[in-house]
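Me: I'd like to learn how to read a helical model by its side chains and packing. Could you walk me through one, feature by feature?

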Amino acid sequence: MNALLKAKSAYSAANAPTRTAKDFEFEVIARITRKMISAAKSKGPNSFPALAEALHDNRKMWNLFEIDVASSENALPIELKEQIFYLSAFTREHTSKVLSRKAGIKPLVEINTAIMRGLRSGASKP
């Protein structure tokens, strides 16, 4: 490899777009949401354990959102913090219903999708 090619390859990573916290949050929410949808659609002996794992991941994510907005360092408006707390509480309650086979995942998917839309539109982060 000649010096020019070495220089190009050394600096090519610098051309890669920088990921923001919002990008990272979007990716995490999207991954967990896809995992829930996929597990809910699958059939077979491993389908419910896969769904339970996806729901557990979703619940953990919402718990982290709650912890983040409770932090004194979080600069989100109080109204948005309250909405996130409400959504987190709803997610916990609805997840229990899904695990008890008394409800479906659609409301959880809709909430996550709305948050992803907000992240993409430039709204404040959860």
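**A loop arginine, then the helices**

Reply: Let's begin with R101, which is found in the loop between α4 and α5. Helices here are DSSP runs of H or I with at least four residues, strands are runs of E with at least two, and both are numbered from the N terminus. This is a predicted model, where local features need pLDDT of at least 70 and side-chain atom pairs count only at pLDDT 80 or more, while totals for chains, interfaces and linings use all residues. Residues are numbered from 1 along each chain as its sequence is written, and side-chain values use heavy atoms, without hydrogens or water.

Me: Is R101 buried or exposed?

Reply: Under 20% relative accessible area is buried, over 50% is exposed and anything in between is partly exposed (1.4 Å probe, protein chains only). R101 has a relative accessible area of 60%, so R101 is exposed. Its phi is near 60°, a positive value in a residue other than glycine.

Me: Which ring does the charged end of R101 sit over?

Reply: The test is NZ of Lys or CZ of Arg within 6 Å of the ring centre and within 35 degrees of the ring normal. The charged end of R101 sits over F48, 3.9 Å from the ring centre. R120 also lies over a ring face, that of F26, at 3.7 Å from the centre.

Me: How many helices and strands are there?

Reply: The protein has 5 helices and 0 strands, and the pattern along the sequence reads α-α-α-α-α.

Me: What about ring pairs: how many aromatic pairs does the structure hold?

Reply: Rings of Phe, Tyr and Trp (its six-membered ring) pair when their centres lie within 6.5 Å; planes under 30 degrees apart are stacked, over 60 edge-to-face, the rest tilted. There is 1 such pair in the structure. The ring centres of W62 and F65 are 5.1 Å apart with planes at 85°, so they meet edge-to-face. Both residues belong to helix α3 (residues 47-70), 3 residues apart, or about one turn of the helix. W62 and F65 are both buried.

Me: D57 has a charged side chain too; is D57 buried or exposed?

Reply: D57 is in helix α3, and its 19% relative accessibility means that it counts as buried. Contact means heavy atoms within 4.5 Å. Setting aside neighbours within four places in sequence, D57 is in contact with I32 and K35.

Me: Which residues have the most contacts inside the largest nonpolar core?

Reply: Such a core is a set of buried Ala, Val, Leu, Ile, Met, Phe, Trp, Tyr and Cys residues joined through side-chain atoms within 4.5 Å. The largest one has 15 residues, with I29, M61, W62, F65 and I84 making the most contacts inside it. Helices α2, α3 and α5 each supply at least two residues of this core, and α2 gives the most, with 5 residues. Another core of 9 residues lies apart from it, with M36, L51, L108 and V109 among them.

Me: And which helices do the buried residues of α5 pack against?

Reply: They pack against α2 (21-41), α3 and α4 (78-99). The buried residues of α5 include L108, V109, I111 and N112. For the protein as a whole, buried residues make up 31% of the 126 residues. Of the contacts with a separation of 6 or more, 63% come from residues 24 or more positions apart.
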